[in-house]
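Here's a quick tour for anyone meeting this structure for the first time. Have a look at the sequence and the 3D view, then read on.

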Amino acid sequence: MAAAVAGAALLGKGLDISLAALQQHDPYISSIVDVASQVALYTFGHRANEWEKTDVEGTLFVYTRSASPRHGFTIMNRLSMENRTEPITKDLDFQLQDPFLLYRNARSCRRK
């Protein structure tokens, strides 16, 4: 039981550090709702009709905010200083295709 409590305390400490890092980018982030330790971002190339890996991969944080929009997610990128942040709004569509989570935002709906 003591080991479980110590593990929970370490996890809490790690989330506190992560919350502080996220708040440097967005001071309105109030709490972390969920975390995935390793994700990679792909985009769908319509011309090639295939998924293309981007230079964004790292830890995914889903969070609540004290301002609108009330929820969002960020991938803290391990490959560069450019993180991927998305507000969760009515314009964001999700589809679960296990083990993948697909999403489309208003920007990806536009065609060039």
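## The overall layout

Starting at the N terminus, the elements of the protein chain run α-β-β-β-β-β-β-α. That gives two helices and six strands, where helices (H or I, at least four residues) and strands (E, at least two) are DSSP runs, numbered from the N terminus. Of the chain's 112 residues, 24% count as buried; buried means under 20% relative accessible area, exposed over 50%, and partly exposed in between (1.4 Å probe, protein chains only).

Keep in mind that this is a predicted model: local features need pLDDT of at least 70, side-chain atom pairs count only at pLDDT 80 or more, and totals for chains, interfaces and linings use all residues. Residues are numbered from 1 along each chain as its sequence is written, and side-chain values use heavy atoms, with hydrogens and water left out.

## The four-stranded sheet

Four strands make an open sheet in the order β1-β2-β3-β4, with antiparallel pairing. β1 (29-45) and β4 (84-87) sit at the edges with a single partner strand each, so one side of each has no neighbour in the sheet. From one strand to the next, the twist averages 25 degrees (axes are lines fitted to C-alpha atoms, for helices over the stretch in contact, and angles run from 0 to 180 degrees between N-to-C directions).

Two strands count as paired if DSSP finds at least two bridges between them. β1 and β2 (residues 50-65) run antiparallel and are joined by twelve bridges. Along the way, Ile32 stands opposite Tyr63 in β2.

## The hairpin

What do β5 and β6 form? They make a hairpin, with two residues between them. Strand β5 (residues 93-97) pairs with strand β6 (residues 100-104) in the antiparallel sense, over five bridges. Look for Phe94 here: its bridge partner in β6 is Tyr103.

## Aromatic pairs

Rings of Phe, Tyr and Trp (its six-membered ring) pair if their centres lie within 6.5 Å; planes under 30 degrees apart count as stacked, over 60 as edge-to-face and the rest as tilted. By this rule there are four aromatic pairs. One of them is Phe44 with Trp51, which is edge-to-face at 5.2 Å centre to centre and 70 degrees between the planes. Phe44 is partly exposed, at 33% relative accessible area, and Trp51 is partly exposed too, at 47%.

Phe73 and Tyr103 have ring centres 5.3 Å apart and planes at 85 degrees, so this pair is edge-to-face. Phe73 belongs to strand β3 and Tyr103 to strand β6, so the pair ties together parts 30 residues apart in sequence. Phe73 is buried, with a relative accessible area of 7%, while Tyr103 is partly exposed at 24%. Ring pairs also bring in Phe94, linking Phe73, Phe94 and Tyr103 into a cluster.

## The largest pocket

The largest pocket has a volume of about 1200 Å³. Of its 30 lining residues, Leu41, Tyr42, Trp51, Leu102 and Tyr103 are the closest to its centre. On a 1 Å grid over the protein atoms alone, a pocket is an open set of points where a 1.4 Å probe fits, with protein on both sides within 12 Å along at least five of seven lines; lining residues have an atom within 4 Å of a point. Grid points are joined across faces, edges and corners, and the volume is the space filled by probe spheres set on the points.

Which element gives the largest share of the lining? That's β1, with seven residues.
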